[in-house]
Amino acid sequence: MSEPRLSFKEMCAKFDVTPRTLRYYEYIELLSPEREGRSRYYGPKEMARMTLILRGRKFGFPLEEIRQWLLIYENEGTEAQMKTWVDYATRQLGELEEQRRQLDETMDELRRLRDDTAANLA
């Protein structure tokens, strides 16, 4: 029995991405579908990579960093990839904490301005 494969259109639907996004991921070598004539097919490996790519994007990782991380698996194996992931995740958590701090600061300032303006209206 052959492994399940998705067409280009099915891949877009399954992962809720635009055709442009999927083509771009191929262009920057995040994905390498099988080609049969002009058709592209995505097997289990490409589907797993797409899951990791989208998870990485959700957490705010740049596409180039995701690409490098996926290459580590291919070139050095799972353990090296996991060690790199821990380093990337630690750094990203720091960046997200800083973004949260900045957002909290901005929201506090906006509340103060709103409350001052409302008090002047009263």
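This is a predicted model: local features need pLDDT of at least 70, side-chain atom pairs count only at pLDDT 80 or more; totals for chains, interfaces and linings use all residues.
Trainee: Which residues make the contact of α3 with α4?

Mentor: From α3 come K45, R49, L52, I53, G56 and R57, and from α4 come L63, I66, W69, L70 and E74. By class, that contact holds six nonpolar, one polar and four charged residues.

Trainee: What makes α4 roughly antiparallel to α5?

Mentor: The axes of helix α4 (residues 63-76) and helix α5 (residues 78-121) cross at roughly 160 degrees and come within 7 Å. The cut-off is over 145 degrees, so α4 counts as roughly antiparallel to α5. Here too the crossing is right-handed, α4 passing α5. On the α4 side the contact is made by E65, Q68, W69, L70, I72, Y73 and E76, and on the α5 side by T78, A80, Q81, T84, W85, Y88 and R91. These divide into seven nonpolar, four polar and three charged residues.

Trainee: At what angle do α1 and α3 pack?

Mentor: Helix α1 (residues 8-15) packs against α3 at about 35 degrees, the axes lying 11 Å apart. α1 passes α3 in a right-handed crossing. M11, K14 and F15 of α1 meet E46, M47, M50, T51 and L54 of α3. Five of the contact residues are nonpolar, one is polar and two are charged.

Trainee: What makes β1 and β2 the edge strands?

Mentor: The sheet is open, with three strands in the order β1-β3-β2 and antiparallel pairing. β1 (6-7) and β2 (34-36) each pair on one side only, which puts them at the edges.

Trainee: Which residue of β3 stands opposite S7?

Mentor: S7, which lies in β1, has Y41 of β3 opposite. Leaving aside residues up to four places away in sequence, S7 touches R40, Y41 and Y42. I53 is 46 residues away from S7 along the chain, and their C-alpha atoms are 18 Å apart.

Trainee: How does the radius of gyration of the protein chain stand against that of a compact globule?

Mentor: For 122 residues, a compact globule would come out near 14 Å, whereas the protein chain has 21 Å. On this comparison, the value exceeds the one for a compact globule. The C-alpha trace spans about 75 × 35 × 25 Å along its principal axes.

Trainee: What pattern does the protein chain follow along the sequence?

Mentor: The pattern is β-α-α-β-β-α-α-α, from five helices and three strands.

Technical notes:
Residues are numbered from 1 along each chain as its sequence is written. Side-chain values use heavy atoms; hydrogens and water are left out. Axes are lines fitted to C-alpha atoms, for helices over the stretch in contact, and angles run from 0 to 180 degrees between N-to-C directions. Helices (H or I, at least four residues) and strands (E, at least two) are DSSP runs, numbered from the N terminus. Angles under 35 degrees count as roughly parallel, over 145 as roughly antiparallel, 65 to 115 as roughly perpendicular and the rest as oblique. A crossing is left-handed if the near helix is turned anticlockwise from the far one by less than a right angle, and right-handed if clockwise. Contact means heavy atoms within 4.5 Å. Ala, Val, Leu, Ile, Met, Phe, Trp, Tyr, Cys and Pro count as nonpolar, Asp, Glu, Lys and Arg as charged, and the others, Gly among them, as polar. Two strands pair if DSSP finds at least two bridges between them. The radius of gyration is taken over C-alpha atoms; the globule rule is 2.2 Å times the number of residues to the power 0.38.
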